[in-house]
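Please walk through this structure with me. We start at a sheet, move to the nonpolar cores and end at a cavity.

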Amino acid sequence: MSKKTFSTFVSMLLLTAAVTSCTKENKADQSPKLSVEDKTVGAVAAAKSYQLIWSDEFDGTSLNTSKWQYENGNLGVNNEKQFYQTQNVSVSNGNLVITARKETVGGQPYTSGRINTNGGKFSTTYGRIESRIKLPAIQGLWPAFWMLGSSISTGTGWPACGEIDIMEHVNTGNTILGTIHWFNTVYSYYGGNTTTTPTDYHIYAVEWDASAIRWYVDGVQFHEANILNNINGTEEFHKPFFILLNLAVGGNLPGNTINDNALPASMLVDYVRVYRISETTGTAPIGAVITIKGSNGLFVSGENGAQAMTCNRTTAQGWEQFTVVDAGGGKVALRSQSKYVSSENGAQAMTCSRTTIQDWEKFDWIDNGDGTFSLRGSNGAYVSSENGTQAMTCNRTSIQGWEKFTR
């Protein structure tokens with residue numbers, strides 16, 4: 001596994017972001033980073049339900065090899081100094097224990113452990129992937145909880161396979177890193193960080209869907225990357241990924257000043273859990289004639305289909321009334337003046353001009369759990385009122401104020 005060096009790159013495609021982060025597979029020391037459009041951290045999410053689909057609670061006395069496989073040897077990446085071996089991985093007292101030791105094996109001056117769920121054991125596309133972990137904070141150590149695209153096993157090289165670093169920590173500091181790595185004509189990465197107390201147990205997680213990847217520590221979001229519609233070549237992140245845990249010694253990110261006197265040292269993992277996330281669609285008022293009011297207190301207007309939709313009316317008359325129609329498959333359509341609202345696939349301002357219901361005229365009715373609702377188009381993005389300052393759109397990757405409505 002290799003990790004990223006620090007550099008600054010001005011994106012010619014989107015926003016520029018100066019971030020610090022790290023990678024796990026081989027790369028040049030001076031690689032450019034290509035920004036993914038950032039979104040405001042802490043956006044209000046729709047009400048969600050979580051279904052556990054895979055886990056390991058590490059309650060036994062040895063690693064469950066039906067769920068994990070070992071990666072052993074000198075992997076020859078990132079100038080790391082460890083030789084990975086099975087005996088550095090154990091399970092005891094309800095924890096997975098990965099231990100780094102000062103001992104020479106295979107020409108390397110240290111040993112440690114690395115495991116993954118590849119090889120047909122487990123992979124997932126999207127979901128909440130979380131682990132409760134207690135880290136060593138020792139000079140020269142580099143623990144990580146991360147994911148790789150499963151296509152790396154079928155000939156797709158890194159970084160084209162994609163990588164999601166859920167949690168990485170180096171040396172003795174209190175900074176936790178969260179990063180994605182991918183290929184978009186050049187090696188690209190986008191990362192953020194937060195502070196915590198690494199030597200205590202914390203829950204590290206990502207929530208990953210077709211729109212974005214969001215990073216959390218103990219339920220608090222600290223970073224988000226937009227992957228909607230493969231923005232900036234991020235198609236890797238719409239395919240299956242497997243999970244890895246490891247404890248590296250030395251390497252490009254922590255450096256090769258290692259506190260031998262603090263070894264052996266261990267990374268403790270209480271559990272790893274993966275959930276399928278479903279937004280609570282609630283019960284749409286099928287057949288009802290409703291008004292739709294934005295967070296600006298004004299009403300949405302279909303504009304009689306003659307121009308793009310707006311959310312700027314102070315009173316609700318005919319153009320501001322919509323019939324909620326069952327569009328099949330749990331989706332709804334909105335009809336006003338005998339015409340249907342269209343998301344326009346997020347490519348341009350929304351209209352209410354369609355005579356039939358096709359994909360762009362179908363929406364998920366999302367219950368936000370606070371008395372408001374949101375609408376998600378077939379493009380996976382959310383409808384925005386644009387605060388009434390411009391025509392409405394269906395291109396938002398998360399639900400914030402302008403994406404919430406009442407009726």
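Seven strands make up an open sheet, ordered β2-β7-β16-β9-β10-β11-β12, with antiparallel pairing. Strands are DSSP runs (E, at least two residues), numbered from the N terminus, and two of them pair if DSSP finds at least two bridges between them. β2 (69–70) and β12 (186–195) stand at the edges with a single partner strand each, so one side of each has no neighbour in the sheet. Inside the order, β7 (residues 114–116) pairs with β16 (residues 241–249) over three bridges. There, isoleucine 115 stands opposite leucine 245 of β16.

The model is predicted: local features need pLDDT of at least 70, side-chain atom pairs count only at pLDDT 80 or more, and totals for chains, interfaces and linings use all residues. Residues are numbered from 1 along each chain as its sequence is written, and side-chain values use heavy atoms, without hydrogens and water.

Leu245 returns in the largest nonpolar core, which has 48 residues. A core joins buried Ala, Val, Leu, Ile, Met, Phe, Trp, Tyr and Cys residues through side-chain atoms within 4.5 Å; buried means under 20% relative accessible area (1.4 Å probe, protein chains only). Leu96, Phe145, Ile164, Ile243 and Leu245 touch the most other members. Another core lies apart, with 21 residues, including Met392 and Phe405.

Met392 and Phe405 also line the largest cavity. A cavity is a set of points on a 1 Å grid over the protein atoms alone where a 1.4 Å probe fits but cannot get out; lining residues have an atom within 4 Å of a point. This cavity holds about 50 Å³ of space.

Terms used: Helix = DSSP H or I, 4+ residues; strand = E, 2+ residues; numbered from the N terminus. Buried < 20%, exposed > 50% of the residue type's maximum accessible area, 1.4 Å probe, protein only. 1 Å grid on protein atoms, 1.4 Å probe; cavity = no way out; pocket = protein on both sides within 12 Å on 5 of 7 lines; lining within 4 Å. Points joined across faces, edges and corners; volume = space filled by probe spheres on them.
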